[in-house]
Amino acid sequence: MQWSDGKIRCRWANPNNETYIHYHDEEWGVPVYDDRKLFEMLILESFQAGLSWECVLNKQEAFREAFDGFDLEKVCAYTEQDFERLQENPGIIRNKRKIRAAAANAKVFREIRQEYGSFSDYLWHWTDGKVIYEKGLASSELSDRVSKDLKKRGMTFVGTTIIYAYLQAVGVIYSHEDGCFLEHREDSGK
């Protein structure tokens, strides 16, 4: 499909949603090494389970506000009061299990950071720091291994499909479709 700006994009990008267009053009598939952003995207991807990414993306700013800017230490310290506050927030997805999982996963994220020096080092060690170029998949051997490891460490809502989408979102896996104007970008290394 040819877009009004003359560019061709991946089929999943909604031409009627500027937020989604920006996400496709500027963020999706760009390697991320910042732990705060990696934490934010992991939490957002876990909220996507059973929903569309567009739904989550449209609520990203509300999520940032509700989850204290994705400050890891603050989320790790959440109490019952915080869970109730989040469940009453109409700006986010108010799934009780996902809200509780976000706080529990934050603690595992912190443990991984302590073990590896950063979550980024943990995440990128799976590919020896290289971007994987593949298309048309919803899971892979890589997402299977990362998912299995995160589950073993105690994370939830991190199945292989969610982790595959996460790895695409943070640029570990580069999956722009054939014909997309970003299909051939070679963005590797820190």
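**Entry 1: leucine 57**

I started with leucine 57, which is found in helix α3 (residues 53-58). Helices here are DSSP runs of H or I with at least four residues, strands are runs of E with at least two, and both are numbered from the N terminus. I note that the model is predicted, that local features need pLDDT of at least 70, that side-chain atom pairs count only at pLDDT 80 or more, and that totals for chains, interfaces and linings use all residues. Residues are numbered from 1 along each chain as its sequence is written, and side-chain values use heavy atoms, with hydrogens and water left out.

Is leucine 57 buried or exposed? It counts as buried, because its relative accessibility is 4%. Buried means under 20% relative accessible area, exposed means over 50%, and partly exposed lies in between (1.4 Å probe, protein chains only).

I then looked for its partners. Leucine 57 touches Thr19, Tyr20 and Tyr23, leaving aside residues up to four places away in sequence. Contact means heavy atoms within 4.5 Å. Leucine 57 and threonine 19 are 38 residues apart along the chain, and their C-alpha atoms are separated by 7.6 Å.

**Entry 2: helix α6**

Next I took α6 (residues 80-87), where Asp82, Phe83 and Leu86 are buried. Down the axis of α6, these buried residues fall within an arc of 100°, so they line one face of the helix. The arc is that of the directions from the helix axis to the C-beta atoms. I recalled that an α-helix has 3.6 residues a turn, so residues three or four places apart point the same way. The buried residues of α6 pack against α4 (60-66) and α7.

**Entry 3: helix α9**

I moved on to α9 (residues 141-153). This helix has 13 residues and reaches 18 Å from its first C-alpha to its last, close to the expected 18 Å at 1.5 Å a residue. The expected span is 1.5 Å times one less than the number of residues.

Which residues of α9 are buried? I found Leu142, Ser143, Val146, Ser147, Asp149 and Leu150. Seen down the axis of α9, they fall within an arc of 165°, so they line one face of the helix. On the other side of α9, Glu141, Lys148 and Lys152 are exposed.

The buried residues of α9 pack against α7 (96-116), α8 (119-125), β1 (132-133), α10 (160-169) and β2 (173-174).

**Entry 4: glycine 154**

Glycine 154 follows α9 and has a positive phi, near 115°. It lies in the loop between α9 and α10. Glycine 154 is partly exposed, because its relative accessible area is 40%. It touches Asn105 and Val108, not counting residues up to four places away in sequence. Glycine 154 and alanine 104 are 50 residues apart in sequence, yet 8.0 Å apart in space, C-alpha to C-alpha.

How many of the ten residues of α10 are buried? I found eight, and α10 is mostly covered. They are Ile162, Ile163, Tyr164, Ala165, Tyr166, Leu167, Gln168 and Ala169. These residues pack against α1 (18-27), α2, α8, α9 and β2.

I checked two of the helix pairs. α9 and α10 pack at an angle of about 110°, with axes 8 Å apart. Axes are lines fitted to C-alpha atoms, for helices over the stretch in contact, and angles run from 0 to 180 degrees between N-to-C directions. α9 and α10 are therefore roughly perpendicular. Angles under 35 degrees count as roughly parallel, over 145 as roughly antiparallel, 65 to 115 as roughly perpendicular and the rest as oblique. The contact includes Leu142 and Val146 of α9, and Ile163 and Leu167 of α10.

Helix α2 (residues 35-48) packs on α10 at about 140°, with the axes 9 Å apart. That makes α2 oblique to α10. Among the residues in contact are Leu38, Met41 and Leu42 of α2, and Ile162 and Tyr166 of α10.

Just after α10, glycine 171 takes a positive phi of about 80°.

**Entry 5: two aspartates**

Last, I looked up two loop residues. Most residues other than glycine have a negative phi. Aspartate 68, in the loop between α4 and α5 (72-76), has a positive phi near 50°. Aspartate 68 is partly exposed, with a relative accessible area of 31%. Aspartate 128 is found in the loop between α8 and β1, and its phi is positive too, near 55°. Aspartate 128 is exposed, with a relative accessible area of 66%.
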